[in-house]
Amino acid sequence: MMKKFLLIVCGSFVGTFLALFFCIIASMIMSFAIMGASSMGSKKTASVDKNSILYIALDGDINERGGGAPVSMMDMMNGNQQYSQGLNVLLAAIKEAKDNKKIDGILIDCKGGSASPATREALRRSLADFKQQSGKWIWAFGNEGIDQGDYYVASVADSIFINPVGAVDIHGFASVTPFFKRLFDKVGVEMQVIRVGTFKSAVEPYILDSISPANRLQQEHYIGAIWKEMADTMAAGRKLTNARINQLADSLLVAMEADSLLKYKIVDGLCYRHDFEKKLKAKTNVDEKDDLKLVYPEDLAPEVEETTSSDQIAVVYATGEIDAGGGGVMGRNDGIDSEELSDIIYDLIKEDKVKGMVLRVNSPGGSAFGSEQIWEAVNKFKQSGKPVAVSMGDYAASGGYYISCGADRIFAERTTITGSIGIFGMIPNGEKLIKDNLYINSSEVATNDNAAMGAGMFGIPMKRLTPTQLAALQRMVNNGYELFTKRCADGRHVSQDSIKKIAEGRVWDGVTAKQIGLVDEFGGLEKAVKWVADKAGMKPDKYKTQNYPALEPDWRAMLNAIMAQQMEARMRSELGDLYDYHRQLQIIAQRQRILCLMEPLKLQ
């Protein structure tokens with residue numbers, strides 16, 4: 001079995017290099033398309049006909065930012081009918097629709113979009129603001145049905161319709177954590193863990209077979225708190241009670257007939273899509289023979305990446321894992337480069353037109369070293385006399401909180417996941433894998449006792465750490481924890497001991513985080529921008545926001561992503577059950593050894 005594993009891995013790498021030849025040819029075609037797309041980068045708001053509808057499809061991923069040509073191009077090339085949307089584009093379009101007299105209302109088309117609770121919360125709040133301030137209507141429709149995440153957003157609508165044979169799925173939350181210890185035992189890899197924090201659970205899948213009592217306790221708290229927020233919101237939107245929502249969740253609502261959904265006030269109407277379109281035409285005074293006047297978010301939103309010479313509030317996006325290594329797992333460049341991000345912030349200090357900064361954080365953390373570098377850059381920005389706020393998205397945990405804690409003010413969603421103030425190191429020992437399973441032996445010649453520490457193959461050390469080495473690494477991790485908690489204490493203007501009482505690697509939901517002082521205020525990016533502008537003494541309509549890093553089409557990044565996807569698909573197909581071994585080993589090998597990281601929560 002191990003021989004097959006090694007042969008397939010090597011074969012997949014060879015196949016990838018052969019695929020490069022075809023990708024280079026394809027790149028010449030793609031680059032022209034991308035240049036064409038980038039030439040449209042100065043797009044302004046599209047013209048809108050009278051009686052139009054803003055069409056929001058909850059379909060595909062909702063990411064932090066939209067507007068980059070490579071994203072849509074990748075979707076087209078892969079034949080992916082779903083697509084990636086930017087939360088910033090959606091929010092900008094809703095805000096524009098609020099004041100646009102030609103927009104009659106908003107249609108939410110529920111197609112099973114993918115987003116975490118905090119992203120959905122920000123979207124739903126924007127829709128509620130649209131409805132309240134404009135007096136316009138919002139309708140929602142689900143053809144095959146409406147899943148729980150989409151229903152949370154759709155519950156803001158004046159009316160919800162589904163197909164007569166559709167379903168609504170509300171079932172509550174469960175956190176499912178896979179544990180890899182037995183897999184690693186079988187393949188011959190031992191994980192050596194050094195950590196500070198009883199609740200620092202990112203290491204558990206590699207050293208335990210099931211969840212620890214401490215981790216169970218913290219997960220029960222924060223997923224329970226997040227579910228309560230969502231259930232309360234859905235109940236209020238539908239004029240029900242939290243108890244009723246939970247009762248329906250426990251009754252396998254997804255199996256109920258549509259007539260029962262009407263009875264329980266989960267939906268307001270049953271109709272096939274073509275009948276629903278007739279209702280929309282009647283509502284917007286459009287003749288039945290004509291098409292609905294649908295306007296898409298990317299067409300309605302003002303240019304969200306627009307450069308300007310006016311006074312600016314810089315919005316700096318810190319999204320993904322910090323210094324994941326190797327450009328991201330499987331070649332993906334989808335994380336935070338601490339050096340690049342720090343340089344951007346240092347440059348903003350010198351820009352006279354930049355009067356303040358909002359750091360938009362959506363990160364589970366990552367490298368402890370990289371987190372410290374970003375913290376230092378944010379601190380220098382603050383010391384320059386310019387105000388800085390943090391706007392937390394889905395996650396601002398561990399290193400994500402590290403880079404946030406020094407801000408003048410911290411904003412979060414009620415469903416944001418944050419905290420996880422802790423440090424750990426994880427060093428694999430692949431002696432059994434390399435020596436016993438792959439039949440590779442090694443000899444060591446060294447001048448000093450620890451000269452060969454970490455030596456190995458495939459990025460995996462071949463020997464267990466000695467007691468001396470373990471003790472030294474533990475001191476390093478302890479020092480990192482002391483520095484982390486000091487940064488938090490200084491940033492939050494409290495004692496280090498008080499931070500340690502709520503640290504220990506424990507994860508908190510946004511509501512609890514505000515109660516214990518890790519967060520200052522609830523609200524999204526727009527609220528954080530306004531706070532910074534007020535703090536800087538800037539009058540409304542006298543400044544612009546500018547997003548960083550700039551979104552620029554990059555054909556090389558797209559080629560790397562295509563190659564990574566092709567390689568991953570091939571290896572998944574050929575390795576079968578062995579793929580998980582390879583995947584987890586690669587993640588561990590590419591990451592730095594000392595981490596401030598929370599493994600992203602998988603809710604279902």
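Colleague: In what order do the four strands of the open sheet stand, and is the pairing parallel or antiparallel?

Modeller: This is a predicted model, in which local features need pLDDT of at least 70 and side-chain atom pairs count only at pLDDT 80 or more, while totals for chains, interfaces and linings use all residues. Residues are numbered from 1 along each chain as its sequence is written, and side-chain values use heavy atoms, with hydrogens and water left out. Strands (E, at least two residues) and helices (H or I, at least four) are DSSP runs numbered from the N terminus, and two strands pair if DSSP finds at least two bridges between them. Here the order is β9-β18-β24-β14, with antiparallel pairing.

Colleague: Which are the edge strands?

Modeller: They are β9 (190-196) and β14 (365-367), each of which pairs on one side only. Strand β18 (residues 423-429) pairs with β24 (residues 594-597) over two bridges, and G425 stands opposite I594 in β24.

Colleague: Which strands does helix α14 touch?

Modeller: Contact means heavy atoms within 4.5 Å. Helix α14 (residues 368-383) packs on the sheet, touching β14, β18 and β24, whereas helix α17 (residues 467-492) touches β9, β18 and β24.

Colleague: How do the axes of α8 and α9 cross?

Modeller: Axes are lines fitted to C-alpha atoms, for helices over the stretch in contact, and angles run from 0 to 180 degrees between N-to-C directions. The axes of α8 (residues 213-237) and α9 (residues 242-250) come within 8 Å and cross at roughly 105°. Angles of 65 to 115 degrees count as roughly perpendicular, and α8 and α9 are therefore roughly perpendicular to each other.

Terms used: Parallel < 35°, antiparallel > 145°, perpendicular 65-115°, else oblique.
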